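Here is a friendly briefing to read alongside the model. Shall we start inside the fold and then work outwards?

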Amino acid sequence: MIPFLDLRQINSSYRHELIDAMTRVLDSGWYIQGSEVTAFEQEFAAYCGTRHCVGVANGLDALILTLRAWKEMGKLTDGDEVIVPANTYIASILAIIENRLKPVLVEPSENTFNLCPHKTRRAITNKTKAIVAVHLYGQMCPMPELMNLANEFNLLLLEDAAQAHGASIDGRKAGSWGHAAGFSFYPGKNLGALGDAGAVSTNDDDLSQTIRALGNYGSHKKYENLYQGINSRLDEMQAAILRVKLQHLNDEVERRRKIAQYYLQNINNQFVDLPYSGNQESHVWHLFVIRSKSRTAIQAHLKREGVNTMIHYPIPPHKQEAMKYYQNIELPITESIHKEVLSIPMGPQLTVEEAERIASALNKFE
Ligand SMILES: *Cc1c(COP(=O)(O)O)cnc(C)c1O
């Protein structure tokens with residue numbers, strides 16, 4: 001059986017470096033807010049090309065704390081509208097709701113599954129104050145156009161870069177285009193820790209200080225509290241692990257791109273639509289998502305052929321039990337995406353031979 005994603009195999013390939021890093025933390029006697037976190041924040045900011053990176057506990061908190069910081073800074077207030085793609089992973093939307101802001105669900109582009117400037121513009125009202133641009137499946141949104149829109153209407157732009165570490169447009173990385181970006185280092189993400197972890201990248205000095213305080217009980221200085229904050233910190237162990245994995249990220253992205261190119265060139269079946277792929281640099285292939293009206297049959301066929309697949313995501317956010325008040329809105333593009341998408345194996349551990357087996361299994365489907 002070809003697994004969908006083999007995390008054990010990926011992490012085992014860095015076994016000795018990871019054990020050295022973990023031993024260093026163990027022996028340091030210092031486990032929270034120490035030198036590993038500081039070093040990782042500097043290294044990841046340099047990687048993204050931003051002035052700041054603030055480590056937090058997970059990707060959801062990265063988004064929640066950024067929006068919360070903008071509220072504390074007087075840039076957002078309760079009830080402001082925030083544009084977000086309707087087909088995103090629910091975390092992007094929860095971060096908005098958690099801050100008592102109003103998510104405005106916008107249909108994505110049929111091609112890229114990402115926000116497009118045209119539909120985004122149409123969703124802007126005089127209450128709109130921010131856009132959350134999600135780089136879904138590892139493909140970047142059209143950031144130059146979205147930033148132009150944000151500037152034209154004086155909106156904040158938050159990138160949800162949880163799936164897009166290392167992607168770039170015109171040489172500028174995901175996480176450096178918006179006013180801030182949230183990253184997740186959940187183990188299955190392209191840059192994955194061995195537990196929960198996340199970060200915010202930004203060029204804004206005030207914002208980075210506010211987020212840092214908010215994630216540390218609202219404290220900017222030991223035992224002094226500026227805000228009613230929360231506890232959301234990146235810990236030393238995960239930071240040390242992430243420093244190891246960051247060194248291999250570019251290689252892993254290249255391997256993902258190679259597998260994606262193989263799929264794009266070799267999968268050929270009238271029942272299967274291949275994902276849109278624009279500029280190479282702008283996509284880091286967190287997921288390789290095909291689309292088909294025969295999804296259920298294809299998934300069963302692949303299983304019989306020894307290939308595990310997954311669905312990202314089976315139920316759109318507005319159809320979730322948790323979001324009952326959205327039940328009456330209609331989002332046909334989003335709904336058809338959720339009915340038709342199927343993620344086939346993708347990851348740095350996948351060999352070209354496995355990709356060959358997967359492509360030929362898919363081509364046999366009829
Ligand atoms: C994973 C993910 C998140 C949340 O990250 P966690 O670290 O799991 O909290 C947010 N947005 C998107 C698009 C994601 O894929």
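Leaving aside its neighbours within four places in sequence, Phe44 is in contact (heavy atoms within 4.5 Å) with Cys53, His165, Phe183, Phe185, Leu191 and Leu246. This is a predicted model, in which local features need pLDDT of at least 70 and side-chain atom pairs count only at pLDDT 80 or more, while totals for chains, interfaces and linings use all residues. Residues are numbered from 1 along each chain as its sequence is written, and side-chain values use heavy atoms, with hydrogens and water left out.

**Nonpolar cores**

- A nonpolar core here is a set of buried Ala, Val, Leu, Ile, Met, Phe, Trp, Tyr and Cys residues joined through side-chain atoms within 4.5 Å; buried means under 20% relative accessible area, exposed over 50%, and partly exposed in between (1.4 Å probe, protein chains only).
- The largest nonpolar core has 44 residues, and Phe40, Phe44, Met143 and Phe185 touch the most other members.
- Two or more residues of this core come from each of α3 (35-48), β3 (102-106), β4 (128-134), α7 (143-153), β8 (180-184) and α9 (236-266); helices (H or I, at least four residues) and strands (E, at least two) are DSSP runs numbered from the N terminus.
- Helix α3 gives the largest share of this core, 6 residues.
- Both domain 1 (7-242) and domain 2 (249-364) supply at least three residues to this core, with domain bounds taken from an automatic or database domain assignment.
- Apart from this core lies another, of 43 residues, with Phe4, Phe113, Val132 and Val289 among them.

- The C-alpha centres of domain 1 and domain 2 are 24 Å apart, and the contact takes 36 residues from domain 1 and 37 residues from domain 2.
- About 3,100 Å² is buried between domain 1 and domain 2, and carbon and sulfur atoms give 60% of that area; buried area is the accessible area (1.4 Å probe) that two parts lose on being put together, summed over both.
- On the domain 1 side, Glu107, Tyr137 and Asn190 lose the most area to domain 2, together 23% of what that side buries.
- The rule finds 1 salt bridge across the interface of domain 1 and domain 2, a salt bridge being a side-chain nitrogen of Lys or Arg within 4 Å of a carboxyl oxygen of Asp or Glu.
- Glu110 and Arg291 form a salt bridge, with their closest N and O atoms 3.2 Å apart.
- Across the interface of domain 1 and domain 2 there are 18 residue pairs in polar contact, both residues at pLDDT 80 or more; a polar contact is a pair of N or O atoms within 3.5 Å, where within protein one must be able to donate a hydrogen and the other to accept it, and residues adjacent in sequence count only if both atoms are side-chain atoms.
- On the side of domain 1 that touches domain 2, the elements giving two or more residues are α1 (7-12), α5 (90-98), β3 and β6 (168-169), and the largest share, 4 residues, comes from α5.

**Helix α5 and what follows**

- The buried residues of α5 are Ile90, Ala91, Ser92, Ile93, Ala95 and Ile96, and their cover includes α4 (59-72), β2 (81-85), β3, β4 and β5 (156-160).
- Arg100, which follows α5, has a positive phi near 55°.
- Arg100 also meets Asp78 in a salt bridge (3.1 Å, N to O).
- Arg100 counts as exposed because its relative accessibility is 55%, whereas Asp78 is partly exposed, with a relative accessible area of 42%.

**Charged pairs around Glu36**

- A search of the whole structure finds 16 salt bridges.
- Glu36 lies in helix α3 and counts as buried because its relative accessibility is 7%.
- The side chains of Glu36 and Arg24 are joined by a polar contact of 2.7 Å.
- Arg24, Glu36, Glu43 and Arg243 are linked in a network of salt bridges.

**A buried pair at Arg291**

- Arg291 forms a salt bridge with Glu340, with the closest N and O atoms 2.9 Å apart.
- Arg291 is buried, with a relative accessible area of 12%, and Glu340 counts as buried at 12% relative accessibility.
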